[in-house]
Amino acid sequence: MDLVIQNVVRDVKALGARGRSGAWELILDRHMGDTLFQGSCVLRLLKALGQAMEWESSLAVLRCLWQRNLKMDVYLASASITICRKMSAWSQAVHILREMADSRVERNTITYNAAVSACEKG
């Protein structure tokens, strides 16, 4: 799976955060298909994108996955808010926090701290 994630990161970096419509889906389908929705694969992908400093790409990949009905949980939401913090995108962090409440996803200290930090940086 690590090689698959490396290949996704390579293609995401080549595409850039403002890739054309549908490009994210093609990259994710080509490399990962249904595997993407299993276990901690998404978190590992986000971590790899973060290490590559691809914050905008990370958020774009998450949006793509949520459009494909990836179930939000406290770990994905917290990771997303942390990405927003790194991008100084406080409004997106607040939006994700609201989405968590609307979806009845538990929030924890890490989630709230990341959201507060995102708002401070924004």
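How far is the sulfur of Cys84 from the closest cysteine sulfur? Keep that in mind as you look at this predicted model; the first point below takes it up.

1. **The cysteines.** The closest cysteine sulfur to that of Cys84 belongs to Cys119 and is 9.8 Å away, which is too far for a bond. A disulfide needs the two sulfur atoms within 2.5 Å, so Cys119 is in no disulfide either. The structure as a whole holds 0 disulfides.

2. **The core.** Next, find the largest nonpolar core, which has 34 residues. The members that touch the most others are Leu28, Val42, Leu45, Val61, Ile81 and Met100. Two or more residues come from each of these helices: H1 (2-15), H2 (23-31), H3 (41-51), H4 (55-67), H5 (74-87), H6 (90-102) and H7 (109-121).

3. **Helix H4.** With 13 residues at 1.5 Å a residue, H4 should span 18 Å, and its end C-alpha atoms are 19 Å apart, so the two values agree. Its buried residues are Trp55, Ser57, Ser58, Leu59, Ala60, Val61, Leu62, Cys64 and Leu65. One of them, Val61, is also among the core members with the most contacts to other members.

4. **The largest pocket.** Its volume is about 180 Å³. The lining is made by Leu59, Arg63, Trp66, Met72, Cys84, Gln92, His95, Ile96, Glu99 and Ser103. H4 and H6 are the elements that give two or more residues to this lining, and H6 provides the largest share, 4 residues. Sorted by class, the lining has 5 nonpolar, 3 polar and 2 charged residues. You have met Cys84 already: it is one of the lining residues.

5. **Backbone angles to notice.** Most residues other than glycine have a negative phi. Asn69, which follows H4, has a positive phi near 70°. Ser88 has a positive phi near 60°; it sits in the loop between H5 and H6 and is partly exposed, with a relative accessible area of 34%. Arg104 has a positive phi of about 60° and is not a glycine. Its place is the loop between H6 and H7, where Arg104 is exposed, at 75% relative accessible area.

Key. Residues are numbered from 1 along each chain as its sequence is written. This is a predicted model: local features need pLDDT of at least 70, side-chain atom pairs count only at pLDDT 80 or more; totals for chains, interfaces and linings use all residues. Side-chain values use heavy atoms; hydrogens and water are left out. A nonpolar core is a set of buried Ala, Val, Leu, Ile, Met, Phe, Trp, Tyr and Cys residues joined through side-chain atoms within 4.5 Å. Buried means under 20% relative accessible area, exposed over 50%, partly exposed in between (1.4 Å probe, protein chains only). On a 1 Å grid over the protein atoms alone, a cavity is a set of points where a 1.4 Å probe fits but cannot get out, and a pocket is an open set with protein on both sides within 12 Å along at least five of seven lines; lining residues have an atom within 4 Å of a point. Grid points are joined across faces, edges and corners, and a volume is the space filled by probe spheres set on the points. Ala, Val, Leu, Ile, Met, Phe, Trp, Tyr, Cys and Pro count as nonpolar, Asp, Glu, Lys and Arg as charged, and the others, Gly among them, as polar. The expected span of a helix is 1.5 Å times one less than its number of residues.
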